Amino acid sequence: MTATIARRLGEFALAVLVASVVVFGLLSVLPGDPARVQLGLQASAADVARLRQQLGLDRPLVVRYWDWISGFATGDMGTSYSSRTAVAPQVLDALQVSLLLVGAGILVAIVIALPLGTVSALRQHRPDGTALTALSQVGISVPNFLAGLVLVTVFAVGLGWLPSGGWTAPAEDPVAFARHLVLPALSLGLVRGAILSRYTRAAVLDIQREDFMRTARAKGLTPGAAMRRHGIRNALVPVVTVTGVEFSALIIGAVVIETVFVIPGMGSLLLRSVAGRDLVQVQAIVMVIVVLVLLVNLLVDLLHTVIDPRLRSAR
């Protein structure tokens, strides 16, 4: 187990390094000059050259990359081109908001997907199982932003039960925080839960065809009891994998939901940074998202070895 963790940590570090090179390289070769964008088209060449020197854009690309990645490793994400303030506090504040939103969204997705997928698999030839399968298919076809608009129309505008947008920090007012979190979390979780339920259903159906499940039923256990005692842990391996993928998808999907509900998260900050061509801030945001996705993949891989002991012995 220790060797597995050490190997995966090494792969994680290598992946982060490669990703940093790709992110920095792609953003560095984008057309347009940040100094020219800030000063405007009427600025003289001398003024543009002076600002480029102040921003450090006249230095070699390798030097700029080393300064950026070494600072990033110590928590220094650079200075914003537009606001001339440190990027790290802004990114970390937005990251906290996005993590709360994504965490609530994945919780909603899991609460929906596990029972829905399991029941639809166990009752696949019955009307209620068919109805649950059809319901998940409908959920898959609905975009996140459309689900958000429908929820706002019904529960905020129509019924007036919940606010239509905005954000309150949990430390300021826990009740207001929960009220502002419900609709965006449902917008993210309902769609991803429908997708995850399909994979859960497929995993449960595959486990039901295994020899050890047939043996358990031959001994007198009902399909539900056999699944609870012998099948769930085996079915969790592919479900955990897909949950990690869905978590990564939620991080990306939160960009749209944060815009719909006016939430000051990573998505909103990224859109403002792109609009202002603040490449330092864009680099920091993209890199944080990449590291977060790689970290989720690392945790999923380690969870596999905890859930399935055969993976430990194989490795």
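User: Which residues make the nonpolar surface patch of about 710 Å²?

Analyst: Please keep in mind that this is a predicted model. The residues of such a patch must each have over 30% relative accessible area, and the accessible surface of the chain as a whole comes to about 16,300 Å², with 68% of that surface belonging to carbon and sulfur atoms. The nonpolar patch of about 710 Å² is made by Phe145, Leu146, Leu149, Val150, Val154, Leu159, Trp161 and Val256.

User: Which helix gives the most residues to the nonpolar patch?

Analyst: The secondary structure of the chain comes to 13 helices and zero strands, and Val150, one of the patch residues, has its place in helix 7. With five residues, the helix that gives the most to the patch is the one spanning residues 144-158, namely helix 7.

User: Does Val150 count as buried, partly exposed or exposed, and why?

Analyst: Buried means under 20% relative accessible area and exposed means over 50%, with partly exposed in between. Because the relative accessibility of Val150 is 45%, this residue counts as partly exposed.

User: What share of the residues of the chain count as buried?

Analyst: The cut-off for a buried residue is under 20% relative accessible area. Of the 315 residues of the chain, the share that counts as buried is 43%.

User: What is the volume of the largest cavity, and which elements give two or more residues to its lining?

Analyst: A search of the whole structure finds one cavity of 30 Å³ or more, and the largest cavity has a volume of about 100 Å³. Of the 13 residues that line this cavity, the closest to its centre are Ser98, Ile251, Met266, Gly267 and Ile289. The elements that give two or more residues to the lining are helix 5 (87-122), helix 10 (223-260), helix 11 (266-275) and helix 12 (279-307).

User: Which helices each supply at least two residues of the lining of the second largest pocket?

Analyst: About 230 Å³ of space lies in the second largest pocket. Its lining has 14 residues, and the closest to its centre are Val138, Gly139, Val142, Leu190 and Val191. The helices that each supply at least two lining residues are helix 5, helix 6 (127-140), helix 7 and helix 8 (174-208).

User: Among contacts between residues at least 6 apart in sequence, what share join residues at least 24 apart?

Analyst: A contact here means heavy atoms within 4.5 Å. Among the contacts in the chain between residues at least 6 apart in sequence, the share that join residues at least 24 apart is 70%.

Notes. Residues are numbered from 1 along each chain as its sequence is written. This is a predicted model: local features need pLDDT of at least 70, side-chain atom pairs count only at pLDDT 80 or more; totals for chains, interfaces and linings use all residues. Side-chain values use heavy atoms; hydrogens and water are left out. Helices (H or I, at least four residues) and strands (E, at least two) are DSSP runs, numbered from the N terminus. Buried means under 20% relative accessible area, exposed over 50%, partly exposed in between (1.4 Å probe, protein chains only). Accessible areas come from the Shrake-Rupley method with a 1.4 Å probe; for residues, only the protein chains shown count as cover. Patches are made of residues with over 30% relative accessible area and no salt bridge: like charges are joined within 9 Å, nonpolar side chains (Val, Leu, Ile, Met, Phe, Trp, Tyr) within 5 Å. A salt bridge is a side-chain nitrogen of Lys or Arg within 4 Å of a carboxyl oxygen of Asp or Glu. On a 1 Å grid over the protein atoms alone, a cavity is a set of points where a 1.4 Å probe fits but cannot get out, and a pocket is an open set with protein on both sides within 12 Å along at least five of seven lines; lining residues have an atom within 4 Å of a point. Grid points are joined across faces, edges and corners, and a volume is the space filled by probe spheres set on the points.
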